[in-house]
Amino acid sequence: MKKAIITKTLITSIGLFALFAPSQASAQLVPQPWVSVGSKDGDTTYAVGARALNLGVEVGNGPDGATGVDVLKFINLPVISPYVGVGLYSQDRGVAVSGGVQVGATKHVFVGAGYNSVRGFNGQLGIRF
């Protein structure tokens, strides 16, 4: 029983450290923009977003003209960057939750995939300056 508690505590501590660890400061703040295209209920959905300091904002258009804004929190790992987010949408869609991952394809290009409860599954293509 004692081993299990120590293991759970260790895993939780490492996870919290990875989530809240300070990132390296940059001399210049340069956002990483992306575009996103997806599908929900047979409708095509669109979004544009930008990321800086491991936080992101995404403005999207969902089914039936629902538009909204999502605030995203990224976890900066060496090659991939998973994220979670919450947003607010019009047309009585209310609060949306989202999650996904972005992967560096080249030095200046990244791709991603995600899910938004209002806009559905989507693919992303972005650039790094």
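Ring pairs link W34, F74, Y83 and F110 into a cluster. This is a predicted model, and its fold is a closed barrel of 8 strands in the order β1-β2-β3-β4-β5-β6-β7-β8 with antiparallel pairing. On average, neighbouring strands of this sheet are turned by 25° against each other, direction ignored. Here is a friendly tour of the barrel, its rings, its charged pairs and its nonpolar surface.

**Barrel strands**

- Strand β1 covers residues 32–40 and strand β2 covers residues 43–52; the two pair in the antiparallel sense over 9 bridges.
- If you want a place to start looking at this pairing, find Q32, which stands opposite R51 in β2.

**Aromatic rings**

- The structure holds 4 aromatic pairs.
- One of them joins W34 and F74: the ring centres are 6.1 Å apart and the planes stand at 75°, so this pair is edge-to-face.
- Because W34 lies in strand β1 and F74 in strand β4, the pair ties together parts that are 40 residues apart in sequence.
- Another ring pair is Y115 with F121, where the centres are 4.7 Å apart and the planes are at 50°, so the pair counts as tilted.
- Y115 is partly exposed, at 34% relative accessible area, while F121 is exposed, at 59%.

- Side chains of opposite charge can pair when their charged atoms come close.
- The structure holds 3 salt bridges.
- R119 forms a salt bridge with E58, and the closest N and O atoms are 2.8 Å apart.
- This pair links distant parts of the chain: R119 sits in the loop between β7 (109–116) and β8 (120–127), E58 sits in strand β3 (residues 55–61), and the two are 61 residues apart.
- Both R119 and E58 are buried.
- R119 also forms a salt bridge with D70, with the closest N and O atoms 3.5 Å apart.
- Here again distant parts of the chain are linked, as D70 is in strand β4 and R119 in the loop between β7 and β8, 49 residues apart.
- D70 is buried, as is R119.

**The salt bridge between D64 and R93**

- The side chains of D64 and R93 meet in a salt bridge, at 3.0 Å from N to O.
- D64 lies in the loop between β3 and β4, and R93 lies in the loop between β5 (80–89) and β6 (94–104), so the pair ties together parts that are 29 residues apart in sequence.
- With 61% relative accessibility, D64 counts as exposed because the cut-off for exposed is over 50%.
- R93 is partly exposed, at a relative accessible area of 28%.

**Nonpolar surface**

- V35, V48, V57, V59, V69, V111 and L125 make a nonpolar surface patch of about 540 Å².
- One of the patch residues, V69, is found in strand β4 (residues 67–74).
- Why does V69 count as partly exposed? Its relative accessible area is 40%, and partly exposed means between the buried limit of under 20% and the exposed limit of over 50%.

Key: Residues are numbered from 1 along each chain as its sequence is written. This is a predicted model: local features need pLDDT of at least 70, side-chain atom pairs count only at pLDDT 80 or more; totals for chains, interfaces and linings use all residues. Side-chain values use heavy atoms; hydrogens and water are left out. Two strands pair if DSSP finds at least two bridges between them. Helices (H or I, at least four residues) and strands (E, at least two) are DSSP runs, numbered from the N terminus. Axes are lines fitted to C-alpha atoms, for helices over the stretch in contact, and angles run from 0 to 180 degrees between N-to-C directions. Patches are made of residues with over 30% relative accessible area and no salt bridge: like charges are joined within 9 Å, nonpolar side chains (Val, Leu, Ile, Met, Phe, Trp, Tyr) within 5 Å. Accessible areas come from the Shrake-Rupley method with a 1.4 Å probe; for residues, only the protein chains shown count as cover. A salt bridge is a side-chain nitrogen of Lys or Arg within 4 Å of a carboxyl oxygen of Asp or Glu. Buried means under 20% relative accessible area, exposed over 50%, partly exposed in between (1.4 Å probe, protein chains only). Rings of Phe, Tyr and Trp (its six-membered ring) pair if their centres lie within 6.5 Å; planes under 30 degrees apart count as stacked, over 60 as edge-to-face and the rest as tilted.
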